[in-house]
Amino acid sequence: MPLSGTGSAPTFVTVLLRGLLAGLVAGLLAGTFAYVVGEPHVEAAIALEEAAHAEPATGGHQHDEDALVSRNGQRGGLFLATALFGAAMGGLLATAYVLLNRRRRTVDDGWSGLLLAGGALLGAVIVPFLKYPPNPPAVGDPATINQRTVTYLLLVVLGLVAVWSGSLGYRSVGEQAPVWLRAAAAVGGFLLVTGVAYVVLPSFQEVPGDFPATLLWSFRLASLGTQVVLWTGIGLLFAALMHRQRAVTDARPAG
């Protein structure tokens, strides 16, 4: 499936491989960020959980004894998880890039990749984060985990719909309209869908009143930072790879 009318244009498989590579590297970078910045907050939250469940007769218990995977195993698995997730997201980004190719308003492959990654970050990460920010271990009612998971995934979908709505609003006013009017239409379309989603979906207030607020928000910001690193890395690396591909294609002699 070529991306343009030229015979030397990259195929879908070529674009997909670049997306997977960009996602894999970005996932490892995100895993490094999560390990350096997020792990101390996870350890602090686990320590609070152990203290809260300590048994006077035994002097407490260790978290590793109750967990199916030890903390060392969890730390090692962090990089594997972020790498695989990053590769999957890079593959999805590459697929969206190809599917939306005919609707692109710019011939710059790198810029198009950055826009797609930015839209994914906004719709699939930031929109859900503002409604359902992540909680550290020991926070949350296990009885509501299924409901929280479903509503979170639903908000991810609605967040992407909101980004699409903003893009549709930007194009709907016409190319001859002033830039400020097109931007206003984009923001209006995005906020309309986001606002409806926030009102319709339920809220969950499960953070104990005595849980340290500083630790809570440090953990949440570290989680958000991990996603920002991931999607920024995917966007920049995919853009660089596509720009290089375009440069190589343009340098080839015609015919």
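Hi everyone! A search of the whole structure finds three aromatic pairs. Rings of Phe, Tyr and Trp (its six-membered ring) pair if their centres lie within 6.5 Å; planes under 30 degrees apart count as stacked, over 60 as edge-to-face, and the rest as tilted.

A quick word on the model. It is predicted, and local features need pLDDT of at least 70, side-chain atom pairs count only at pLDDT 80 or more, while totals for chains, interfaces and linings use all residues. Residues are numbered from 1 along each chain as its sequence is written, and side-chain values use heavy atoms, with hydrogens and water left out.

Back to the rings. Tyr-35 and Phe-79 make a tilted pair, 5.8 Å centre to centre with 40° between the planes. Tyr-35 belongs to helix α1 (residues 12-52) and Phe-79 to helix α3 (residues 71-99), so this pair links distant parts of the chain, 44 residues apart. Helices here are DSSP runs (H or I, at least four residues), strands are E runs of at least two, and both are numbered from the N terminus.

Buried means under 20% relative accessible area, exposed over 50%, and partly exposed in between (1.4 Å probe, protein chains only).

Next, Tyr-132 and Phe-204 are also tilted, at 5.8 Å centre to centre and 50° between the planes. Tyr-132 lies in the loop between α4 (109-131) and α5 (145-172), and Phe-204 in the loop between α6 (179-200) and α7 (213-251), so the pair ties together parts 72 residues apart in sequence. Tyr-132 is buried, at 10% relative accessibility, whereas Phe-204 is partly exposed, at 21%.

Now the cores. A nonpolar core is a set of buried Ala, Val, Leu, Ile, Met, Phe, Trp, Tyr and Cys residues joined through side-chain atoms within 4.5 Å. The largest one has 20 residues, and those touching the most other members are Val-15, Tyr-97, Leu-230, Trp-231, Ile-234 and Phe-238. Which helix gives the most to this core? That is α7, with six residues. Looking at Ile-234, and leaving aside neighbours within four places in sequence, its contacts (heavy atoms within 4.5 Å) include Ala-22, Gly-86 and Leu-93. Another core, of eight residues, lies apart from the largest one, and Tyr-132 is among its members.

To zoom out, the chain has seven helices and zero strands, and 36% of its 255 residues count as buried.
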